[in-house]
Amino acid sequence: MLSNSTNSNLIDITKQFVKHKLQNAEGGHDWFHTLRVFNNSKLIAKTENVDMLVVCLGALLHDIADSKFYDGDETIGPKIAREFLFKHDVDSTVIEHVIKIIENISFNKSLEKSEKFNSSELDVIQDADRLDAIGAIGIARCFNYGGFKNRPIFDPNILPKMDMTKEEYKASTAPTINHFYEKLLLLKDRMNTNTGKRIAQERHKFMEQFLDRFYSEWDGIQ
């Protein structure tokens with residue numbers, strides 16, 4: 001996977017750093033989320049022409065300080081990642097690429113109208129991150145975060161708000177079910193790689209089945 005023992009050692013050190021940093025994180029954005037994104041990134045990267053060191057470091061550091069847990073501050077994650085990578089003498093080109101990935105991976109970033117950073121490595125990690133937001137795990141993470149924020153599960157009088165701006169999306173306090181329509185069900189058609197698209201199809205179907213069952217139980221039909 002990686003070209004030499006130095007890179008492998010760096011990945012191991014990064015894993016330990018991230019695991020420690022996220023030990024008290026919310027359950028949907030904890031070390032296990034990062035590990036799943038890391039593993040899915042390696043899976044997707046097998047069919048892509050990418051720099052595996054950038055993919056591995058980007059996947060491990062992508063959620064080192066998610067802005068929604070830092071009052072919306074999007075500068076903290078890149079700052080922590082940059083300091084860590086600089087401390088371990090990582091090549092400056094690799095550092096800058098990883099920082100760009102962290103700055104551009106989030107769904108809310110895609111809601112901006114400005115020109116965006118693009119790279120094959122970002123495509124891979126973004127797909128892996130989005131896969132973890134859908135399917136069975138995505139459903140579990142969605143409700144875990146909703147509970148963490150003390151949001152209602154569902155309110156039929158509050159309709160999903162589509163086509164939100166980045167600012168509206170970040171400020172939303174809508175019921176958890178609304179998040180399926182405002183983000184999760186949109187991800188299937190926003191995947192970058194063929195592998196990501198294939199896996200997303202099945203996970204998307206599972207979410208649709210869950211929602212059908214949810215509404216049937218809510219209405220007392222099943």
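Modeller: Met52 is found in helix H3, which covers residues 52-61. The model is a predicted one. The relative accessibility of Met52 is 17%, so this residue counts as buried, the cut-off being under 20%. Lys68 lies 16 residues from Met52 along the chain, and their C-alpha atoms are 28 Å apart. The charged end of Lys68 sits over an aromatic ring, that of Tyr145, at 6.0 Å from the ring centre.

Now to the rings themselves. Over the whole structure, a search finds 14 aromatic pairs. One of them joins Phe143 and Phe210, with 5.9 Å from centre to centre and 65 degrees between the planes, and this pair is edge-to-face. The two partners come from distant parts of the chain, being 67 residues apart: Phe143 belongs to helix H7 (residues 135-148) and Phe210 to helix H10 (residues 194-218). Phe143 has a relative accessible area of 23%, so it is partly exposed. Phe210 is also partly exposed, because its relative accessible area is 26%.

A second pair is made by Phe214 and Tyr215. Their ring centres are 5.7 Å apart and their planes stand at 85 degrees; an angle over 60 degrees counts as edge-to-face, so this pair is edge-to-face. What is the burial class of Phe214? Phe214 is buried, because its relative accessibility is 14%. Tyr215, with a relative accessible area of 24%, is partly exposed.

These residues belong to a group. Phe143, Phe210, Phe214 and Tyr215 are among the members of one aromatic cluster, which also includes Phe154, Phe180 and Trp218.

The helices that hold Phe143 and Phe210 also meet. The axes of H7 and H10 come within 8 Å of each other, and they cross at roughly 55 degrees. That angle is why H7 is described as oblique to H10. On the H7 side, the contact is made by Gly135, Ala136, Ile139 and Phe143, and on the H10 side by Arg203, Phe206, Met207 and Phe210. Sorted by class, the contact of H7 with H10 has six nonpolar residues, one polar residue and one charged residue.

To put the two views together: Phe143 and Phe210 form an edge-to-face pair, they are both in the aromatic cluster, and they both take part in the contact between H7 and H10.

Terms used: Residues numbered from 1 in each chain as written. Predicted model: local features only at pLDDT ≥ 70, side-chain atom pairs only at ≥ 80, totals over all residues. Heavy atoms only, no water. Phe/Tyr/Trp six-rings, centres within 6.5 Å; stacked < 30°, edge-to-face > 60°. Helix = DSSP H or I, 4+ residues; strand = E, 2+ residues; numbered from the N terminus. Buried < 20%, exposed > 50% of the residue type's maximum accessible area, 1.4 Å probe, protein only. Lys NZ or Arg CZ within 6 Å of the ring centre and 35° of its normal. Axes fitted to C-alpha atoms, helices over the stretch in contact; angles between N-to-C directions. Parallel < 35°, antiparallel > 145°, perpendicular 65-115°, else oblique. Contact = heavy atoms within 4.5 Å. Nonpolar A, V, L, I, M, F, W, Y, C, P; charged D, E, K, R; others polar.
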